[in-house]
Amino acid sequence: MKNAKRIVCLVLSVLLLSSLFSAPAAADTAETGNSPVRVSACVAGDNGRTVGFCWYTAEKADSVVTLRDESGTAIAGATLSDPVCEAWEGLWMHKVTASNLPAETLVTYTVGDGANTVTGTVKTGGAADSVKFIEIADVQASSAENFEKGAATLRAAFEALPDAAFVANCGDFTNDSTNEEWDLYDASFGELNRGYLLAPVSGNHDGFGVANWFNNMFNLDTSESVQTKNGVNYSFDYGNAHFAVLNTNDCLNVSRPQLKWLKNDMNSTDKDWKIVFIHKSPYTLGKDGKWPDALQLQKTLTKVCDETNVDLVIGGHDHQYLRTKPLTHNRLDENGVTYLLSGTAGSKRYEVREFLAGHFMKKQFIDALVVQKGGYGNYWNGTDWKSTDENNIGGCYNTVEITGGKLTLNAYILGDESHQSKKIDTLTLTKNTGENKITFTGDNTTSKAAYTAGSILSYASLLFYTLTNWLPRFLALVPELIYSVAVYDTF
Ligand SMILES: [Fe+2]
Ligand SMILES: [Fe+2]
C-alpha cells in the first residue's frame, strides 16, 4: 500500500514537473510559429531594383511584403509577384519578388504574414558606371561557434567596404545542409543578412545529393536555370558589370547546357565588366585540387570565358586563397582571364599541396597564394612554399570596387587571435570601356529534353577527360603524394 502511494505521488510529481517545463515551450511555439526566420533578399537584376525575398515560418502563414523608402513612405511604383508558400522539410517556405524598386534608395522591407513581421533594408543602385561588392566563401560550419566566426569575417568585410552594393557568397553555406545547420547559420548571419542584397552560389555542401535545398533557401531568378535540383545558375547586372552565377553541382561541375547558357548570357550583355561567380575553382593547390571534377573546368569553363571576354572568375571550394595571373586557356596571357580562389571565410582551412604544382597547374600561373592556417606552407612568396606568417590564421574576405575601366580587388584575413583585418593581396585590372558588344539576343532557356541529352554528354565528357587526361597525370604524382602523406600528413 505504502509503495502504491509512493508510485502515485511520483507519477503526479512527474506530470506536474513536465507540465511546468512544457508550458513555456508551448508558448515559444505559439510565439514563433508565424515569425519569419532565415530571411534573405537576393539580387535579381536591374541594379538591385529587383529583389527576391525568401523567409521561413514554422506554421503555414500568409506571405506579405511591405516596402518603404527613407522617409517611411510606402513605395507605390514597385511590383510584387504572386507569393509562393510551400512546405519544405517540416517548415513553410515563402517567396515574393519585388521589382521596379526606385533607384538609389534605401528600401526598408518587412516580410511576414502582416502581423508577425521581420524588417530589413536593401540599397538599390542607379545608373552609375560603378559597383562595389563583397565576396566570401566556404563558411561551411556545423557549430554555432564556427558560424559565428564566419559572421565575424563578414562583419569585418563591411567595415572595410561599408557601402557594398551586394555580397556574393561563393557557396558551402553549411556543412550538411540540415534544418539545424541552416538555423545556426541564421542565428549568426540573420541580422547581417537583413542589411544587404545577397548573390548566393550553390556549393557542393549546399544540398548536393538532397534535391532542392539550395533553391528553396533563396528566392533567385531561375528563369534561365538549366535545372534547379542541386543548385541554380542565374545572372544579373549591377553598375557597369554583368555577373553570371554558376552551379558546379550540375553533372559534377558545370554541364554542357550550362556552359552554353553562360556563353549566350555573356554574349547578351554590353556591360564593360564580365564577372563569373562559381563554387568549384579550376585552379587550386588545396586538397580538392587533385580531383577531376573541378580540374575539368580548366578545359571547359576557361574556353567559354576566353571566348566571351570574361574578366574575372571568383570561386571557392578549396579553403585557401589563390589568384592566378591572367590566363587564356591554360596559358599566360596578359589579356586573359584572372581566376581567384577565395579563401574560406570560416574556420576549416586547407594547407597547400606542393605536389600538385606542375601536375595540374603550372607554378608560373600563381600570382598570389595564402594558406590560412599555421605550419606548413603559409604562403607562396614566389620561390618558397614554406614561408609562414602567423597573421594569416583567420577568415578571408574580398572587396571589389569597379569604377569605369578600373577594377580593384582587395583580399583580407581577419585574424583569429588579433581580431584585426590584414590585407593579403591586391589586384588591379584596367580596360577600355564601351568595347563589349551584344552578339546574342535569342532565347537562352534550356528545354528538358536538351538538358537530358546535354547532361548525358557532360558525364561522358567527364569520364573521357578523367581517363585520358586526368588519370595519367594523377598516376605520375602518386610517389610525391605518398611522400607528402609520410612527411607532412597531407593528402
Ligand atoms: Fe567548402
Ligand atoms: Fe565545396
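Just after helix α8, D489 adopts a positive phi of about 60°. The model is predicted, and the values reported here are computed from it.

Helix α8 covers residues 448–488. A straight helix of its 41 residues would span 60 Å at 1.5 Å a residue. The end C-alpha atoms of α8 are separated by only 48 Å. The helix is also bent. The bend, about 45°, falls at V478. A proline, P479, follows within four residues of that position.

Four residues of α8 are listed as buried: Y451, G454, S458 and W470.

An open sheet was examined next. It holds three strands in the order β3-β7-β8, and the pairing is antiparallel. Strands β3 (64–68) and β8 (117–123) stand at the edges. Each has a single partner strand, so one side of each lacks a neighbour in the sheet. From one strand to the next, the twist averages 25°.

Strand β7 spans residues 106–112. Its antiparallel pairing with β8 runs over seven bridges. Two of the facing positions can be named. T108 has T121 of β8 as its bridge partner. V107 lies opposite V122, also in β8. Strands β7 and β8 form a hairpin with four residues between the strands. In this hairpin, G114 takes a positive phi near 105°.

Around T153, 24 other C-beta atoms lie within 10 Å. The cut-off for a buried residue is 20 or more, so T153 counts as buried.

Contacts of T153 reach other parts of the chain. With neighbours within four places in sequence left aside, T153 is in contact with I136, A345, G395, Y397 and L414. The C-alpha atom of T153 is also 9.4 Å from that of Y412. Along the chain, T153 and Y412 are 259 residues apart.

Notes: Residues are numbered from 1 along each chain as its sequence is written. Chains are lettered from A and ligands numbered from 1 in the order in which they are written. This is a predicted model: local features need pLDDT of at least 70, side-chain atom pairs count only at pLDDT 80 or more; totals for chains, interfaces and linings use all residues. Helices (H or I, at least four residues) and strands (E, at least two) are DSSP runs, numbered from the N terminus. The expected span of a helix is 1.5 Å times one less than its number of residues. The bend at a residue is the angle between axes fitted to the seven residues ending there and the seven starting there. A residue is buried if 20 or more other C-beta atoms lie within 10 Å of its own, exposed if 12 or fewer, and partly exposed in between; C-beta atoms are placed from the backbone. Two strands pair if DSSP finds at least two bridges between them. Axes are lines fitted to C-alpha atoms, for helices over the stretch in contact, and angles run from 0 to 180 degrees between N-to-C directions. Two residues are in contact if their C-beta atoms, placed from the backbone, lie within 7 Å.
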